[in-house]
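I opened a new page to keep track of what I looked up in this structure, in the order in which I looked. Each entry begins with a topic and then gives what I found.

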Amino acid sequence: MRRVVAQGTFDLLHPGHLHYLDDAKSRGDRLDVIVARSENVTHKPKPVVPDRQRREMVAALNPVDGARLGHTEDFFVPIREIGPDVIVLGHDQHHDEGTVAGLLAEEGIDCDVVRASARDADPDAELLSTGRIIDRVCEHRC
């Protein structure tokens, strides 16, 4: 069985998230998703939706076999527990594949690190960014 891990914030789910998870699932037999805890999100605004609710929504998506919240202090805890063969990064995630692969190797974790494809979409017709969704809500409701 080929185990795949995807990870992210998954705040305000949108079709880009589903594309990422479909792409990740296509690379193996089982897809486990690690949902970032709000307190660990430092590279963008904190999520709007609470941690447990984001995990619950991700777990309900068809390609997902298991979803858990990330560890508060050690990124590698859930990775060690899952034992993935491949980690799939989102097409626009800020992580660098080589850096992640190097950190995994330093921890003695042997798995591939690849990047998911981007969803082909008309940027005027689809909102594929949580930030853009929030901006649109503010434009229409604030």
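Which element gives the largest share of the lining of the largest pocket? I found that α1 does, with four residues. I note here that this is a predicted model, in which local features need pLDDT of at least 70 and side-chain atom pairs count only at pLDDT 80 or more, while totals for chains, interfaces and linings use all residues. Residues are numbered from 1 along each chain as its sequence is written, and side-chain values use heavy atoms, with hydrogens and water left out.

**Entry 1, the largest pocket.** I looked up the volume, and about 1,100 Å³ of space lies in the largest pocket. Of the 50 residues that line this pocket, the closest to its centre are Gly8, Thr9, His43, Lys44 and Gln93. Two or more lining residues come from each of β1 (3-8), α1 (15-25), β2 (30-35), α3 (76-82), β4, α4 and α5 (130-141). I wrote down how these terms are set: helices (H or I, at least four residues) and strands (E, at least two) are DSSP runs, numbered from the N terminus. A pocket, on a 1 Å grid over the protein atoms alone, is an open set of points where a 1.4 Å probe fits, with protein on both sides within 12 Å along at least five of seven lines, and lining residues have an atom within 4 Å of a point. Grid points are joined across faces, edges and corners, and the volume is the space filled by probe spheres set on the points.

By class, I read 20 nonpolar, 22 polar and eight charged residues in the lining. Here Ala, Val, Leu, Ile, Met, Phe, Trp, Tyr, Cys and Pro count as nonpolar, Asp, Glu, Lys and Arg as charged, and the others, Gly among them, as polar.

**Entry 2, the loop between β1 and α1.** Leaving out residues up to four places away in sequence, Thr9 touches Val35, Ala36, Val41, Lys44, Pro47 and Arg54, where contact means heavy atoms within 4.5 Å.

Phe10 is in the loop between β1 and α1 as well, and at 3% relative accessibility Phe10 counts as buried. Its phi is near 55°, a positive value in a residue other than glycine. Leu12, found in the loop between β1 and α1, has a phi near 50°, also positive in a residue other than glycine, but at 27% relative accessibility Leu12 counts as partly exposed.

Is His17 buried or exposed? I found this residue of helix α1 to be buried, with a relative accessible area of 12%. Among the residues that His17 touches are Phe10 and Leu12, not counting residues up to four places away in sequence.

I followed the pairing from β1, where six bridges join β1 to β2 and the two run parallel; strands pair if DSSP finds at least two bridges between them. Val5 of β1 has Asp32 as its bridge partner in β2. The chain crosses from β1 through α1 to β2 in a right-handed β-α-β crossover, meaning that, with the strands pointing away from the viewer, the path from the first strand over the helix to the second runs clockwise. Five of the six residues of β2 are buried, so β2 is largely enclosed by the rest of the structure.

On the next pairing, four bridges join β2 to strand β3 (residues 66-69), again parallel, and the bridge partner of Val33 in β3 is Ala67. I also noted that β2, helix α2 (residues 51-59) and β3 make a right-handed β-α-β unit. Strand β4 (residues 86-89) pairs with strand β5 (residues 112-115) in the parallel sense over four bridges, and β4, helix α4 (residues 97-106) and β5 make a right-handed β-α-β unit.

At 1% relative accessibility, Val5 counts as buried. Val5 and Asp85 are 80 residues apart in sequence and 8.2 Å apart in space, C-alpha to C-alpha. Gly83, in the loop between α3 and β4, is partly exposed, with a relative accessible area of 38%.

Definitions and conventions
Buried means under 20% relative accessible area, exposed over 50%, partly exposed in between (1.4 Å probe, protein chains only).
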